[in-house]
Amino acid sequence: MSHPTSIRLTVAQALVRFLSAQYTERDGVRRRLIAGTWGIFGHGNVAGVGQALLEAGEDAMPYHQGRNEQAMVHAAVGYARQLNRLSAQAVTTSIGPGATNLVTGAALATINRLPVLLLPGDYFATRPADPLLQQLEHPTEADVSVNDTLRPVSRYFDRVTRPEALIPSALQAMRVLADPAETGAVTLALPQDVQAEAFDWPEEFFAERVWHVRRPAPDPVELAAAVQAIRAASRPLIVAGGGIHHSEAEEALKALVDATGIPVASTQAGKGSLRHDHPADLGGIGHTGTAASDDLARTADLIIGVGTRYTDFTTASGTLFQHPDVRFLNLNITAFDAHKLAARTLVCDARAGLEALARALEGHRVDSPYETEYRAGKERWEQIVEAVYRADDDSAVPTQTQLLGALDAVVGDDDVVINAAGSLPGDLHKLWRARGPRQYHLEYGYSCMGYEIPAAIGVQQAAPDTPVWALVGDGTYLMMPTEIVTAVQEGLPVNMVLIQNHGYASIGGLSETVGGERFGTAYRHRAADGTFTGAPLPVDLAANAASLGMDVLRAKTVRELREALATARASDRPTCVYVETDPTPTAPPAEAWWDVPVAEVASREAAAGARQTYEREAATRRRHL
């Protein structure tokens, strides 16, 4: 018997209605927490969540049609990152391969601390038949489903096997998505029979809820210790991570740096925390960093990490920070990250912490010779950037760095440039001149090939009036071009720069340095000896993009490239700029090491020589305790 204040709905209908009433609020600004739902329908969700979305309508819950489940998660992640994690999207799939296709995207979201809600179908809770279509039978664990693969890559996971269980589970899911210290992929696995089951829901479940996104202030004891450490340091260096962007703390960072003169080096996620032309901005740090950043990092006596996870690229696999007395001070909203490298901690919001530091450090400034030193290093690096960006012959085939120079000349301060994998992340981290906090969008926590195109769609949804660029190599393009169809369908004018270099350029180069001799990294026909060293494959990726509905501009020279990029930026349609680049390496070499283990014994000379180099570099590793 229904309660007078209840509403009778299916579980799927109730979930959609609940999601449509959830909001976040930070600094007085309110946003939809779940702004839309991506979906591909199969037997595991078509009559449940699919029917519920149809019944709710576009005003209550906008629906976006995807082509690949992994790509839908990437699009949702791009959306959430563009909006500083204050708004997210949901992704629904059927049980089976649709659900397991979510795993890669979920790992990417959780590793990068970005919110996405996953709603995969699941096996019948009532088990009317056994086994079901696409069921994974386990001989000793009958409650296992393929959705259990999502457990280790989700920040919160629940299988909703009874209608009333949705209420606490949905509330917990929203809590995690809106919590800046906990967020990532959240999975609610929905058995297909339960999705369609009716229940009398209390009206209060559908009331508007506003989840306040907190800005915790630093603990006074931790703040005092941090200030003392900074005042005592003679060569401090700030490592800016993605947490600065998520917290919208760029102005707070600038104010602290302007007052103290402490220089800033950036991780992939933190690049753009300062404008590239700020005198204290030294660019990227670590294996793909600039000489200015890495030289200073080696002699810094205090590393101030703000919103960073300290990946092996940032620390050069533990070899970068070489001052004998180096110490770490980490400002992070998560205690897990703040305690890394045996650091002093400031567990707080990035903006709140930086503002508190600026107040407590009033009157303090680094010594002028230190400022002179790092500014000179920055100037030397700028000259290197100018040289590799410049093309002396406009009729020549462009190199990859000249392509970046041409793009740099075309984009505006608010354009968004997206990349994730291949040789481009290293070149971009070293060379790109970030002019705005959201311009540089590198997914390098998971470095997932195929991320760029769907992420560009998500960013374009979040910022409809902003030019968005997906930079992809041929290897990445072949991983996941399918969402081009989605961009065309939705009328989203994303720009794609498609670089053809006939293989995996970055891994080819890495293979060469570690004794792998570029084995298996080229897209070529087999030669007479059976190796892939024959002629390049006769693929036409530009024609493929055109067949999926994109406008395609082919550029063969530097001049044609510049013209094509300008045309693409002015277009109101999805546009591809296709260019075959000169494969000659033109980017500056790595300024710091990265640990990729080399064969300890080998008969081939290349591997034996690489092992000697490896042992020499590995000997410089430090454990900061």
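A: A polar contact is a pair of N or O atoms within 3.5 Å; within protein, one must be able to donate a hydrogen and the other to accept it, and residues adjacent in sequence count only if both atoms are side-chain atoms. This is a predicted model: local features need pLDDT of at least 70, side-chain atom pairs count only at pLDDT 80 or more, and totals for chains, interfaces and linings use all residues. Residues are numbered from 1 along each chain as its sequence is written, and side-chain values use heavy atoms, with hydrogens and water left out.

Q: OK, what caps the N-terminal end of H8?
A: Asp219 does, with a side-chain oxygen 2.9 Å from the backbone nitrogen of Val221. Helix H8 covers residues 220–232; helices (H or I, at least four residues) and strands (E, at least two) are DSSP runs, numbered from the N terminus.

Q: Which residues of H8 are buried?
A: Leu223, Ala226, Val227, Ala229 and Ile230. Buried means under 20% relative accessible area, exposed over 50%, partly exposed in between (1.4 Å probe, protein chains only).

Q: Why are they on the same side of H8?
A: Because they cover an arc of only 160° around the axis, taken from the directions from the helix axis to the C-beta atoms.

Q: And what does the face turned away carry?
A: The exposed residues Val221, Gln228 and Ala232.

Q: Switching to Gln65: why does it count as partly exposed?
A: Because its relative accessibility is 31%. Gln65 is in strand E5.

Q: What polar contacts does its side chain make?
A: One is with the side chain of Arg67, at 3.0 Å, and another is with the side chain of Gln489, at 2.8 Å.

Technical notes
The expected span of a helix is 1.5 Å times one less than its number of residues.
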